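Hi,

Here is the structure I said I would pass on. Have a look at it first, and my notes follow below.

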2 protein chains.
Amino acid sequence: MPTTTYSPPPLEAGTLRVTPIGGLGEIGRNMTTFEYDGKIIIVDCGVLFPEEHQPGVDLILPDFDSIRDRLNDVEAVVLTHGHEDHIGAVPYLLRLKPDIPLIGSQLTLALVEAKLKEHKIRPYTLVVKEGQREQVGPFELEFVAVNHSIPDALAVAIRTPAGMALATGDFKMDQLPLDGRLTDLRAFSRLGEEGVDLFLVDSTNSDVPGFTPTERGIGPVLEQVISKSPRRVIVASFSSHVHRVQQVLDAAAANGRRVALLGRSMVRNMTIAEELGYLKVPDNVLIDYKKARDLPEDQIVYMSTGSQGEPMAVLSRMANLDHAIEPGPGDTVILASSLIPGNENAVYRVIDGLTKLGANVVHKANAMVHVSGHAAAGELLYCYNILKPKNVLPVHGEYRHLVANAKLAQQTGIDAERTILAENGTVMDLKDGDVTVVGQLDVGKVYVDGSSVGAITDADLKDRRILAEEGFISVIVVVDSSSGAVISGPEIHSRGFAEDDAVFNDVKPKIEAALAEAAASGVRDSHALSQVVRRTIGRWVNQRLRRRPMIVPLVIEA
Amino acid sequence: MPTTTYSPPPLEAGTLRVTPIGGLGEIGRNMTTFEYDGKIIIVDCGVLFPEEHQPGVDLILPDFDSIRDRLNDVEAVVLTHGHEDHIGAVPYLLRLKPDIPLIGSQLTLALVEAKLKEHKIRPYTLVVKEGQREQVGPFELEFVAVNHSIPDALAVAIRTPAGMALATGDFKMDQLPLDGRLTDLRAFSRLGEEGVDLFLVDSTNSDVPGFTPTERGIGPVLEQVISKSPRRVIVASFSSHVHRVQQVLDAAAANGRRVALLGRSMVRNMTIAEELGYLKVPDNVLIDYKKARDLPEDQIVYMSTGSQGEPMAVLSRMANLDHAIEPGPGDTVILASSLIPGNENAVYRVIDGLTKLGANVVHKANAMVHVSGHAAAGELLYCYNILKPKNVLPVHGEYRHLVANAKLAQQTGIDAERTILAENGTVMDLKDGDVTVVGQLDVGKVYVDGSSVGAITDADLKDRRILAEEGFISVIVVVDSSSGAVISGPEIHSRGFAEDDAVFNDVKPKIEAALAEAAASGVRDSHALSQVVRRTIGRWVNQRLRRRPMIVPLVIEA
């Protein structure tokens, strides 16, 4: 269902313009722009991971087109936390203009800087803390602690003369967080009393009833599973989940085991987290992977990546016996992570592979080894009741999540017309406590494939899907440019189509006959002759084999 | 991890040989052969649906190789119930020998015959009922009623002088089934007292704790959802789930609504089910789809296919506004079905599309509109305790399910060495109450793509995956056969690779230079020259664009 696009009018004085560029109708590539008095602030700049109908795509970026000519007006990018879906596109934005300042918490900026280093960019940064206020151009920013599945996450209040917006980033409200850092409901109360004109709120778990259980419930489960394991324990989780790793370290220490970190991103992120004090490593627990292999098997825990079944990650390779550590009977593998929709087949392939090797696989479905990082419906109700925002913009979610979140807001008494179901590119103006939709930009998906950014289009992906479903047939014929007579060929090759190109022997005379007929009627143009070839073999393949491969005909004149 | 294959010895007298051909380590293409005294009986002959790493594949068949030369020895195919994963490959087997008799219940055979009609095969059939015994060659068969998500399912006991095997087919133990037809535990008790030597048991839900709730719980939920719907109601489910459709008809009737069936398979199956008395249509409830559109919107329920997000099915087309029925605000869509792993993205795309159109979408995650058709762990424990089988062969499941089922058997006191974890192709001999693994056949996957059966290989699928991930580049050069000089080209075309073939302008001189160098050193063979082209452009693409497309070089001599 294509959305009708239309341009917004010029921004009026005293008005705050809010435009989500990514993250609405999808889980990922979160990015929203706020404009006031000709100046822009961007909140988050993340990537989206591709689905199976986007083969070969590495990453999907937000579409920077709407700000491409306005980069000099961008005062800063505020990053709410260090997950890829909030920071992953920063390198691609800074490639356009490397001196746009980045604002975020200590851990968030450390993770961004590590990422930018790989892209050879040294950014301008401003580290902020919860409670801090910063004036950035016409925007007064205030940062509020929120609790999420990565430490040091922040919500940001954006005050302008037009009113105040509050963006939660990703958050939940664990009332017993591991690091004691709660989502600051006192600050929410104070902002609510001051008056929140527009509340941009995480929708990821808005259709999950009740409350997300506390992260603290996982430690005892990990401890028990590890204590019962006769041999090695391998734990897989997200490489940025500092608190989950913390619990694994603590559970290992309690069982007299040492922990080796596996996987490049796991090692990099935990090194940063330890240096900055977010990860508290118990004495003498971490051990180098190579040394770990000399320990008795019941004294070791491997902490690895690959909990989503990613084929190149450590856990998949172990399941395929393509890693130095070969799991076997008596070993325990714990997937201490969520199962992101779309990854089910990959994850279950890994679980089956490990089970077949004899390992005992513990995962979310058979033990409480994971809790979500997002606020469920019950928590969101608390937020609405504490903040009493004038207008609500559900963000960070598929459309069904946005709808569910809007309904929660309405249940707390917010008028339906003040809960805004927007899309990426919806332009909204805030003035005098009212939000008006004033435009709809045409925002696309920007595909990264290898080193190419934006070169792959939806048309290419459609070609790829056809190639994947059916393979292709190439037909090359060399014809005499004056007589049109076939000099060489047709040579027919196929890939992904059938075991043996000999199946095409029957159609070659038909192609020759069709070309002879065309030549006899005076057709010489090689493009027209190619079409004759395409039609002839296409019809034959469809009728004979009931298939529709991509057909690539080429008639060469010589 | 490839399995070591080895041939079994010739079958000894007085021994029953059991070989699962499909359904172990996978959910689908169930098929097991039983051989005694040179005669074979086959239980089930189903298809497997492809996963995303098998693009373009329509169906996956069991590998008939091990019985291809033994078809004259096959006494019959016993079909336990009418689901595709148990009957779908029958047409492909009967293509090899159309007069192999089929044995099954009335509904099962009616569904198979409808399917065979499309393949223009009229089978020999024997309709059997629960309680019935039939001597088929050296096998005495006894059929036992089991409860599943399709009516008229049967387990089959196979008695030979070597002992008795009992195959459950798919089943659960709903104690309040809609049609009153229970899984016959009295018969199980009697067989158990007689002595079950080998129990082949459904593992699909063996890792689900507790008990599958009764189907009867769904009716009141459907009734309530329908009663609250201000406009149209669209229910999607499996087209063979007679009892689910029955509940929709009853709930519609209770709300004064009429029901129109949508989708070819839904109409076909329900027509069969009604004719045979399995579906009891309340008076004046069914209405033709075309007439239904003239009814007031609050008097209609559409019953459709597409609950798994299949792109061509009715529900997906509705969500894409590619169907005469265009859902909108006030309409209610109920997905009264499971979510088969791997279909999550497709299903959520449909849910989001419908939500965006304004429809209220009710599904398993937000209301009890589905229960499974398979026995959960608690039910399986009952079976083991009632049957007390000598040996257990978990079937119908991914490897993790087989392991979980074996553990359940062990918990009831069956020795671990008598719970057999087999694979497709594992050959087992039963004699004197003991099962011995005597061989491992090399059983493959047979891919159906269009009208081709077995022509697509794993190598083709690998090609397809490469094509999907990266696209391809074809390079055609015409060279003089004597001098090796380039006459025409290189012509470079790509698909699924980049927007514009102009990206290749840089590499053309490099290819010409490489060919000139090869020609100068005397290379004339067109295959060798093709390799020069492949290496040159391959290296360039990899270095310049960090990608690895399929490269199809062709050097033509003229």
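A definition to start with: a salt bridge here is a side-chain nitrogen of Lys or Arg within 4 Å of a carboxyl oxygen of Asp or Glu. This is a predicted model, where local features need pLDDT of at least 70, side-chain atom pairs count only at pLDDT 80 or more, and totals for chains, interfaces and linings use all residues. Residues are numbered from 1 along each chain as its sequence is written, chains are lettered from A and ligands numbered from 1 in the order in which they are written, and side-chain values use heavy atoms, with hydrogens and water left out.

Now the salt bridges. Over all chains, the search turns up 64 of them. One is between K356(B) and E423(A), with the closest N and O atoms 3.6 Å apart. That pair crosses between chains: K356(B) sits in helix α11 (residues 344-356) of chain B, and E423(A) in the loop between α13 (399-411) and β19 (426-431) of chain A. (Helices are DSSP runs of H or I, at least four residues, and strands are runs of E, at least two, numbered from the N terminus.) K356(B) has a relative accessible area of 33% and E423(A) one of 23%, so both count as partly exposed (buried is under 20%, exposed over 50%, partly exposed in between; 1.4 Å probe, protein chains only).

Within chain B, D429(B) and R17(B) form another, at 2.8 Å between the closest N and O atoms. The two are 412 residues apart, D429(B) in strand β19 (residues 426-431) and R17(B) in strand β1 (residues 16-22). Both D429(B) and R17(B) are buried. In chain A, a network of salt bridges links R133(A), E140(A), E142(A), R159(A), R190(A) and E194(A).

How do the two chains relate? Chain A superposes on chain B by a rotation of 180 degrees with 0.0 Å of shift along the axis, RMSD 0.1 Å (least squares on the C-alpha atoms of residues with pLDDT of at least 70 in both). The copies are thus related as by a two-fold rotation axis. In chain A, A468(A) comes closest to that axis, its C-alpha being at 2.4 Å. The copies meet through the same surface, because 98% of the interface residues of chain A are also interface residues in chain B.

Cheers

How values were computed
Contact = heavy atoms within 4.5 Å.
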